[in-house]
Amino acid sequence: MEFVILAVVIAVVVLGGLSGLVLARRRKGHAAPPAPKPDALAPPAEPQVGEDAEVPRDTPKRTVESVDLPDAGTVTVLEPEIPGVPETLPPPAIEVPEPTAGRLVRLRSRLSRSQNTLGQGLLSLLSREHLDEDTWEEIEDTLLTADVGVAPTQELVERLRTRVKVLGTRTPAELRGLLREELVHLIGTDADRSLHTHSHEERPAVVMVVGVNGTGKTTTTGKLARVLVADGRSVVLGAADTFRAAAADQLQTWGERVGARTVRGPEGGDPASVAFDAVKEGIAEGADTVLVDTAGRLHTKTGLMDELGKVKRVVEKHGPVDEVLLVLDATTGQNGLVQARVFAEVVDITGIVLTKLDGTAKGGIVVAVQRELGVPVKLVGLGEGPDDLAPFEPGAFVDALIGE
Ligand SMILES: Nc1nc2c(ncn2[C@@H]2O[C@H](COP(=O)(O)OP(=O)(O)OP(=O)(O)O)[C@@H](O)[C@H]2O)c(=O)[nH]1
């Protein structure tokens, strides 16, 4: 009996102890979680509410030992980095332009449109067995469509008719030779097509580039600088097209590529004074040639006359202008001839630059524009590439048109 009483007492004591433990644990479970240690390096948090205010259990805690502190002796100050801007700009590389000799031959494939329409068109018509009136009319139409112009077309047809009659039977090679001779004759081989860009004793040669905006005037001035540099000259550029701000930037970029300085003035400033300063700079630098790009607004003819005339007069205080090159867009056809007339009234044009001949089938404009102005085509533009400006050579041009 005593044993039973002892067992009950032990059981009560054990149960009591266990229930006390459970209660204590339950009380602990309801206690507020310990406040998270403030993390000194974390960004200041937005005030949060409810469950959001709790720190997630898996948040890693940084201890003092795990934070790397900079070594006092090795602290470096980082410059703020501006995206896309390199720390130092490399100096622009000076390019070596392609040699100018033989450029037209190298670029002859660019004349493919004129070749198909004018050159091949004429050859196939002349190869017909019977050259009757209708065929001669077709030959005339082909020349007119290619913008050769009425009078030169009639001349050419007349001469061809006579020579074909004399020749009698014709082989393709003979016909090709005949056509080549007559086209070269029409374009003319006597004219002086050289550019007067050699310096004088104490001053550089001065070349003014004139033409309507959009004809490729600024581009041509830049390409011409490359032509001259390729031929060993030193060049200064004058951005006298102060009418369009971007034109001066465009010209300067062209110049920088070949190491030529560009003289420019404020936007809307006096073009004549920029041109004057450019020549002054050319004299100071001992440059061979100064190229002056001018503005070409045609909508006020009187304004244009006044401005261009003034630029020329002011530049001539340093000495005569050596070349006035008129830039014409070959794709504009008759419109180009009208422009040519207007410019010729303002300044004495000494040479024509026909641009965009790569984009037209109307290569005959070379003949028409020379006749219109009585001055030779000296350069032709055959593409948008920097070295796509070629000295004009009648023989190479005709060969490109009719194929060799
Ligand atoms: N296909 C082709 N494009 C050319 C040629 N010459 C110039 N261009 C293009 O013609 C466009 C007009 O050239 P610009 O030099 O800006 O014309 P601009 O006459 O100076 O005009 P402004 O600067 O407004 O006075 C440019 O996109 C040139 O790349 C060429 O021979 N062939």
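How are helix 7 and helix 8 oriented to each other? In this predicted model, local features were considered at pLDDT of at least 70 and side-chain atom pairs at pLDDT 80 or more, whereas totals for chains, interfaces and linings use all residues. Residues are numbered from 1 along each chain as its sequence is written. Helices (H or I, at least four residues) and strands (E, at least two) are DSSP runs, numbered from the N terminus.

The axes of helix 7 (residues 217-230) and helix 8 (residues 245-258) come within 9 Å and cross at roughly 15°, the axes being lines fitted to C-alpha atoms, for helices over the stretch in contact, and the angles running from 0 to 180 degrees between N-to-C directions. The two helices, helix 7 and helix 8, are therefore roughly parallel to each other, where angles under 35 degrees count as roughly parallel, over 145 as roughly antiparallel, 65 to 115 as roughly perpendicular and the rest as oblique. On the helix 7 side the contact is made by T218, T221, G222, A225, R226 and V229, and on the helix 8 side by A247, Q250, L251, W254, G255 and V258, contact being assigned where C-beta atoms, placed from the backbone, lie within 7 Å. These residues divide into 6 nonpolar, 5 polar and 1 charged (Ala, Val, Leu, Ile, Met, Phe, Trp, Tyr, Cys and Pro count as nonpolar, Asp, Glu, Lys and Arg as charged, and the others, Gly among them, as polar).

An open sheet is formed by 8 strands in the order 3-2-4-1-5-6-7-8, with mixed pairing; two strands pair if DSSP finds at least two bridges between them. Strand 3 (261-264) and strand 8 (389-391) stand at the edges, each with a single partner strand, so one side of each is left without a neighbour in the sheet. From one strand to the next, the twist averages 25°. Strand 1 (residues 205-210) and strand 5 (residues 323-329) run parallel and are joined by 4 bridges, and L325 in strand 5 is the bridge partner of V209.

Helix 7 also packs on this sheet, where it touches strands including strand 1, strand 2 (235-240) and strand 4 (289-294), and its direction makes about 170° with that of strand 4. Helix 9 (residues 271-285) lies across strand 1, strand 2, strand 3 and strand 4, and runs at about 170° to strand 2. For "domain: SRP54-type proteins GTP-binding", an unreviewed UniProt entry lists residues 376-389; this span is 0% helix and 43% strand, and its end C-alpha atoms lie 16 Å apart.

Two further helix pairs were examined. The axes of helix 3 (residues 112-126) and helix 6 (residues 172-187) come within 10 Å and cross at roughly 130°, and helix 3 and helix 6 are therefore oblique to each other. Their contact involves L122, L123 and L126 of helix 3 together with L175, R176 and L179 of helix 6, a set that comprises 5 nonpolar, no polar and 1 charged residues. Helix 4 (residues 133-145) and helix 5 (residues 150-167) pack at an angle of about 145°, with their axes 10 Å apart. Here W136, I139, E140, L143 and L144 of helix 4 meet T153, L156, V157 and R161 of helix 5, and the residues of this contact divide into 6 nonpolar, 1 polar and 2 charged.

Key. Two residues are in contact if their C-beta atoms, placed from the backbone, lie within 7 Å. UniProt positions are given in the numbering used here, feature names are shortened, and annotations may be inferred rather than shown by experiment.
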